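User: New model on my screen. Walk me through it, please, and keep it short.
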Amino acid sequence: MSNMEQDRWSRVKGRLRSSVGEDVYSSWFARMDLESVQDESVHLSVPTRFLKSWIQTHYSDKVLSCWQAELPEVNRIDVTVRSPVRCSTPAKEMPAAADGRRDEPRPATERSNGAAPATSNHDALGGSPLDPRLTFASFVVGRSNTLAHAAAKQVAEGRRGDPVMFNPLYIHSGVGLGKTHLLQAVTWAGNAGTERKVLYLTAEKFMYGFVAALKTQTSLAFKEALRGIDVLVIDDLQFLQGKTTQAEFCHTLNALIDAGRQVVVAADRPPADLESLDERVRSRLAGGLVVEMAPLGEDLRLGILRSRVVAARAHHASFDVPQPVLEYLARSITHNGRDLEGAINRLLAHSKLNNQPVTLEMAEHEVRDLIRPSEPKRIKIEDIQRIVARQYNVSRSDLLSSRRTANVVRPRQVAMYLAKTLTLRSLPEIGRRFGGRDHTTVLHAVRKIEGLVSKDTTLSDEVESLKRQLQE
Ligand code: ADP
Ligand code: MG
């Protein structure tokens, strides 16, 4: 892609980000790549079928208009699914990657794991593709992910028949903070040595696998196969949708856990916030070890950048990134691991194409669109409840209780109002988090407080002060 196209694409992404908001952007568009622009049509790619259909049904107009703002002649957007890395395909037959990833040979130890003969179980289940680079060896440990890493290691090193320490292991974090990396590391390591079978599935794959199996009448075999594995690893659980699939997921989860098999799950939010999932599933998920990975600290970002440079140097010996540039990148690219990786790839591409060493000036130019103004903090319902309870001198359990005395009713309404205005949670979800109330109760509270703040200056000052405390 030419620099001009690259710039234009960055601007289109910037427009999309500001038009849909950061949360929506990072959920649906963070992994969208530009493949080509030809005459009037733009070709984009995403890694999964699910993302493709979601973007097409919900955001195609938005995407088109953001393009038209940059390039008025565009009148058509095509979205395709990038071809995945298949762990059962020998490296040399892998399709060329849009992002250059698959060109890199796998480390020798992993090649044999990747090519492990597929058993009938894996055939029936069709695990999701694994990226050979996502191993424990390449995972950098820092303050924000120590616990998640230790738990994942523990799972990976378990042997068949060992007592399971925590089940399921549930890892959650924002996008690009290393969940998939850890889960795939568990899968590679788990399948490396012993007789154990570790199966990695995205939630989408679980859904499609199940639906496909139902269609071909092999659902019994599919279920049997699923229950015959030692460790089931499910990524991006927030995408699990549909009643039948959920019921099946619930059965599978129960069957595996009851049989002492390990389940590992990753999602972009804690179990209680998986709104589309049934209460029983959520509580089962919360019943093991739930670990959050915090945003990457500066040290960790520096560590990841260093390891990326080392990896790149294995194939491009002349490539080097001076320490001040690494420090600059670690300080300025704060958002996620994907952007750090992107930054190194760009520096590599730029220095190869122009045959120039990496300098600070060049880095500043190449990565400017990856640097964002600091992000608003993600506010949690628990924080709202805690801070509101403190302000009004009631307990958090008062807020969740069914007590209807005035000294709890008003704070409760304020807390619900803040939950609706400061988080992306739905009314039913908020109701549930406030002691299992109906969504109409939440709606009533929101309207009530909305009405009052315009008239009652004391209340409106209180609300403003609460907002400030929450945003600090
Ligand atoms: P998530 O699944 O949480 O969205 P990924 O696992 O896909 O995030 O990570 C995004 C990118 O950042 C990947 O290239 C990954 O290798 C890298 N990354 C994130 N955390 C780490 C880490 N601790 N060490 C090394 N690389 C990391
Ligand atoms: Mg992921």
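Analyst: Start with glycine 337: its relative accessibility is 15%, so it counts as buried. Buried means under 20% relative accessible area, exposed over 50%, and partly exposed in between (1.4 Å probe, protein chains only). This is a predicted model: local features need pLDDT of at least 70, side-chain atom pairs count only at pLDDT 80 or more, and totals for chains, interfaces and linings use all residues; side-chain values use heavy atoms, without hydrogens and water. Residues are numbered from 1 along each chain as its sequence is written, while chains are lettered from A and ligands numbered from 1, in the order in which they are written.

User: Which helix is the place of glycine 337 in?
Analyst: Helix H14. Helices here are DSSP runs of H or I with at least four residues, strands are runs of E with at least two, and both are numbered from the N terminus.

User: And what is glycine 337 in contact with, leaving aside neighbours within four places in sequence?
Analyst: Gly176 and Leu296. Contact means heavy atoms within 4.5 Å. Glycine 337 and glycine 176 sit 161 residues apart in sequence, yet their C-alpha atoms are 5.1 Å apart in space.

User: Ligand next. Which residues come nearest to ligand 1?
Analyst: Val140, Gly176, His181, Arg308 and Glu341, out of 20 residues around ligand 1. A residue is near a molecule or strand if one of its heavy atoms lies within 4 Å of it.

User: How many of the shell residues are nonpolar, polar and charged?
Analyst: Six are nonpolar, nine polar and five charged. Ala, Val, Leu, Ile, Met, Phe, Trp, Tyr, Cys and Pro count as nonpolar; Asp, Glu, Lys and Arg count as charged; the others, Gly among them, count as polar.

User: Which helices each supply at least two residues of that shell?
Analyst: Helix H7 (179-192), helix H12 (298-313) and helix H14 (337-354). By domain, the shell draws at least three residues from domain 2 (136-292) and at least three from domain 3 (298-367). Those bounds come from an automatic or database domain assignment.

User: Give me the distances to ligand 1.
Analyst: A backbone N or O atom of glycine 176 is 2.6 Å from an oxygen atom of ligand 1. For arginine 308, an N or O atom in the side chain is 2.7 Å from a ligand 1 oxygen. Asparagine 145 has a polar side-chain atom 3.2 Å from a nitrogen atom of ligand 1.

User: How much of ligand 1 does the protein bury?
Analyst: 96% of the 560 Å² that ligand 1 exposes when taken alone. Accessible areas come from the Shrake-Rupley method with a 1.4 Å probe; for residues, only the protein chains shown count as cover.

User: Switching topic. What joins asparagine 167 and proline 168?
Analyst: A cis peptide bond, with omega about -10 degrees. Proline 168 lies in the loop between H6 and strand S4 (169-172). Most peptide bonds are trans, and most residues other than glycine have a negative phi.

User: Is asparagine 393 buried or exposed?
Analyst: Exposed, because its relative accessible area is 71%. Aspartate 236 counts as buried, at 14% relative accessibility.

User: Where is histidine 149 found?
Analyst: In helix H6 (residues 146-157). Histidine 149 counts as buried because its relative accessibility is 14%. Beyond neighbours within four places in sequence, histidine 149 is in contact with Phe136, Phe139, Val141 and Leu182.

User: And arginine 282, buried or exposed?
Analyst: Buried, because arginine 282 has 7% relative accessibility. Arginine 282 belongs to helix H11 (residues 279-286). Its contacts outside four places in sequence include Glu429 and Arg432.

User: Last one. How many helices and strands does the protein chain come to?
Analyst: 21 helices and eight strands. Of its 472 residues, 47% count as buried. The protein chain exposes about 22,900 Å², with carbon and sulfur atoms supplying 51% of that.

Note on methods. A polar contact is a pair of N or O atoms within 3.5 Å; within protein, one must be able to donate a hydrogen and the other to accept it, and residues adjacent in sequence count only if both atoms are side-chain atoms.
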